[in-house]
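User: I would like to learn how to read packing, strands and chain contacts in a model. Can you take me through one?

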Amino acid sequence: MHFFKLITRNTLRHKLRTALTVLGLVIAFLSFGLLQTIVDAWYHGAEAAAPNRLITRNAVSLTIPLPKHYREKVRAVQGVKTVAAANWFAGVYKDPKNFFPQFAVEAVPYFSMYPEYRLAEDEFRDFLRDRKGAVVGRKLAQTFGFKVGDVVPLKGTIFPGNWDFVVRAIYDAGEEKTDTSLLFFHWDYLNETMKQRFPLRANQTGIFIVEVNDVDRAAAISEDIDKQFKNSTAETLTETEQAFQIGFVKQTEAIVIAIRLVSFVVIFIILAVMANTMAMTARERLGEYATLKALGFGPGYVAALIFGESLAIAAVGCVIGIALTFPIGEWFAGEMGTLFPVFEVSTETVALQAACALAVGLIAAALPARRAAGVRIVEGLRSIG
Amino acid sequence: MSIPLRYTLRNLWTRKLTTVLTAGGMALVVFVFAAVQMLDTGLRATLVATGQPDNVLVTRRGSNAEISSGVDRVQAAIIESQPEIAVSTDGTRLVSKEAVILITLPKRESGQATNVTTRGIGDDAYSLRPQVRLVQGRAFEAGATEAVVGKSLAARFEGATVGSVLRFGGREWRVVGIFDSGGAAFDSEVWVDADQLMQAFRRQAYSSVIARLTDAAQFDALKARIEADPRVTLDVKRERVFYEEQSQALSKFISYLGLTLSIIFSIGAMIGATITMHASVSNRIGEIGTLRALGFRRSAVLLAFLFESILLGAIGGAVGVALASVMQLVQISTLNWQSFAELAFTFTLTPRIIVVSFVFAVVMGVIGGFLPAVRAARLKIVDALRAA
C-alpha cells in the first residue's frame, strides 16, 4: 500500500511539471490517434468492398472506356448474376474545392448489388421515374444541405457542359463503413445526352460492376470475362472490388507511408519529453533514494518507484488522449466534409495508443531507474539536486 | 551588466542528458517542419520546370487535365494558324499536337500496376521543350511504333529500359531511348508518335495543343481571340500556369497537413523546453540569489535563462535541418490526383527553408523558456538566498 502512496505523492510533488508532461502526452497521443485514423480512412474503400463484386475495366487503364455492348457478353459468362455499367463523372459543384464523387449508374441492377445503400422504397421509385433524378448520400446531403426536390447543378470536366440533376432520394449507411458522400444518377441520361453532344463518345462506359453467384469462383469468373475480349479492340481487366480499391490506395502509398512515419515521430518527440522529466525527477531525488536504501529497501524497490511514477504519468496522459480522440476526430471529420467519407477511430488505433503509452512509460524510466538503483548510499546522500 | 555566456553554456553541458533530450525533441519537430516544406517545394519545382514561360497549352474548355480533354483536328488547325504563334526555322509553325493517354505499367520492385502518362507528340515537341535531352539511345522514328521514356520512369518501371518492349493499345512499342527533362514532370512519362498512338487507341481528337508564342506578352491577345471564336470551345493557358494548377490539390494537401502537424508537434516540444527550463530554474534558486546579490539586474537573469532556452532551440534547429537535408537523397513518387498519373519528385532544400526552420526552432525556444525565465527574474534576493 505504501508503495502506491509513495508513487502518488511523488507524482504530485511537482504539480506544474507533471501537468505539463501530461499535457504533452495528451497532445502526442491525440495526434497519433488522429493520424492513424486518417490512414484507416484512406483504406476505407477497400474495407467496404464486398467479396462477391467484381470490377471490369479497360486493360489499358481506367481512363479508357469500354463499349456498352460488352455488358451482354459479360452477363452471359457462367456464374455472373448481375451486371451494371457505371461511369465516373467528375463534375464540379460550384467550385472545384466542393469535391464529391459522382457516378452514372444503371440504377436497378446497381442498387440491387449494393444493399448497404439503404433507400426508402417510394423515394427510389421516384428516382427511377425521373430521367434527371439523382440519389445522394446522407453525409453529402448534410454537407451541402441537399433536400429531396433540390436541383444540383454540376459542371462537367470529362463530359463537357452543364448538367442539372434533381435529388429524388437520399440513402443511408447500411453498415458502419458505408460511404454516404456519393451522388448517383442515371447512366442512360448520361449516354443519351452524349449521343446528342458527342456522338463519337456515346455508348461507352467506364466500368462494369459484376456480381457473382459464388464467391469462391470469383477468380475463375474474372478470367472467363477477360477471355471473352482477348485480342479485341478493348481488352478488359477484371478484379475483385477490393483489389480495385487497393490499386488506388497503392498509387498514393507514398503519402500513406509518410503519414505513418510522422505519426511515430510524434511518439519519439513525446518520449524525449517524458524521458527528460523522469531524468530530472530522479536526479533531484537521488538523496531520497539513498535514504530509502539506507533504511533497508532494495534497489529493485527504488527502481519500481521510478517505473511506477513514469507509468502513472504515461497512463493518465494516454487515457485523456484516447478519450479526446473520439470527439476531436468527429469534429475534424465534420470540418473536412466529404474528403474523408468514413472517419472512425478503430479499436486497433486505441490499442496502439495504449501500447505506445506503455512503451513510452517504460523507456522513459529505464535510465533514471538504473542510475537510482545502482547509486551508492554515501554518494546519493552527498548529492544535491 | 550581463551574465557571461559561459555560465549558460556550462549549465547546458553539466546536464547533458536533459539537454540532449530536450534539443532532440525539438530537432524532430524541426525535421518534420522542414521535410514537409522541402516536399512541397520539390513538387512545385517539378511542375514549374515542366512549363516554359512563352509556351501556351490549349485544352477543351472546362477539362482540367489533358486526359479529359479533346481537341479535334479542325480546332487544332485553327490554333496553329493564329498570328501570335511563332514560326520554326523550317517555316512551319512551332506547334505540337499531342494525344495523352494513361496506361498502367507494373513497378519494378513491387509489381504494383501504376498509372503512367503516355504522350503522343508532334514534330516540334522537342523544340518546344528545350529542357528535354536524350541521355541514352535515340529519338523514335516518325511513324514507327517506338517509344522514348523519361529517366525516373526508366528507373522505376518494368520494361522501361532501352531495347525492351512496352505493350499497350494492341501494339508492341520498342523503347529506343531515355530522356532527361531536368526534373520536370516529363521524367515520369512515355513519349511516342502522336499519330501512331491515336491509331492504336482509335482516337479522333488530340488531347492538347502546345504552341510557342512569338513573344510571351502576346498571350492575352491570343487568349481573347480564341475564347471569342465561336468555332472552338477551348481553354488557353500559359503552360506554366497549367502545370501549377495540376499540382494545386496535392500541394495544398501536403502543406496543410504539414503545417497542422508542425504546430501540434511544436506544442509538445515547447512543453519539453518549459519543463527543462523550470527545473533549471528550481535547481539554481540559490545561484540566482547569489547573482542578484552580486549586482546583476533582473533583466540580466531573465536574459541568461532565455538565452539558455534559445540555445536549446538553436541546437535542435541545427540538428533538425541537418537531418532534413539528408532527405534530399530520397525521391517520392505518388499519384497526382488532378492528372491521375504517377508523378515523381524530390525533397528540395532551399536557403529559405533553412532560415525559416531555424527561426522556427529559436521561436520554440523563446516561447518555451519565457515563463521560467520570468520566474527566475522575479525571485526576491532574500528568498532566493534563503532557499539555497
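This is a predicted model: local features need pLDDT of at least 70, side-chain atom pairs count only at pLDDT 80 or more; totals for chains, interfaces and linings use all residues.

User: Which residues of the largest nonpolar core touch the most other members?

Analyst: Ile269(A) is one of them, along with Met274(A), Val30(B), Val32(B) and Ala147(B). The core holds 159 residues. Helix H2 of chain B, residues 16–50, gives the most to this core: 17 residues. There is also a second, separate core of 52 residues, with Val152(A), Trp187(A), Leu190(A) and Phe229(A) among them.

User: How do I read the packing of H2(B) and H8(B), and at what angle do their axes cross?

Analyst: Two packed helices are described by the angle between their axes and the distance between the axes. Here, the axes of H2(B) and H8(B), residues 239–246, come within 7 Å and cross at roughly 150°. Angles over 145 degrees count as roughly antiparallel, and H2(B) and H8(B) are therefore roughly antiparallel to each other. Their crossing is right-handed. On the H2(B) side, the contact is made by Leu47(B), Val48(B) and Thr50(B). H8(B) brings Arg240(B), Tyr243(B), Glu244(B) and Gln246(B).

User: Now strands. Which strands pair with E8(B), and in which sense, parallel or antiparallel?

Analyst: In a regular strand the side chains alternate between the two faces of the sheet. For pairing, look at the bridges. Strand E3 of chain B, residues 113–121, runs parallel to E8(B), joined by five bridges. One bridge links Thr117(B) to Glu189(B) in E8(B). Strand E5 of chain B, residues 146–150, pairs with E8(B) in the antiparallel sense over three bridges. There, Val149(B) has Val190(B) as its partner.

User: Why is E8(B) largely enclosed by the rest of the structure?

Analyst: Count its buried residues. Five of the five residues of E8(B), 189–193, are buried, so the strand is largely enclosed.

User: Last, the chains. How many residues does each chain give to the contact?

Analyst: The size of an interface is often given as the accessible area lost when the parts come together. Here we count residues instead. Chain B gives 48 residues and chain A gives 40 residues. On the chain B side, the elements that give two or more residues are H2, E2, E3, H9 and E11. H9(B) supplies the largest share, 14 residues.

Methods. Residues are numbered from 1 along each chain as its sequence is written. Chains are lettered from A and ligands numbered from 1 in the order in which they are written. A residue is buried if 20 or more other C-beta atoms lie within 10 Å of its own, exposed if 12 or fewer, and partly exposed in between; C-beta atoms are placed from the backbone. Helices (H or I, at least four residues) and strands (E, at least two) are DSSP runs, numbered from the N terminus. Two strands pair if DSSP finds at least two bridges between them. A nonpolar core is a set of buried Ala, Val, Leu, Ile, Met, Phe, Trp, Tyr and Cys residues joined through C-beta atoms within 7 Å. Axes are lines fitted to C-alpha atoms, for helices over the stretch in contact, and angles run from 0 to 180 degrees between N-to-C directions. Angles under 35 degrees count as roughly parallel, over 145 as roughly antiparallel, 65 to 115 as roughly perpendicular and the rest as oblique. A crossing is left-handed if the near helix is turned anticlockwise from the far one by less than a right angle, and right-handed if clockwise. Two residues are in contact if their C-beta atoms, placed from the backbone, lie within 7 Å.
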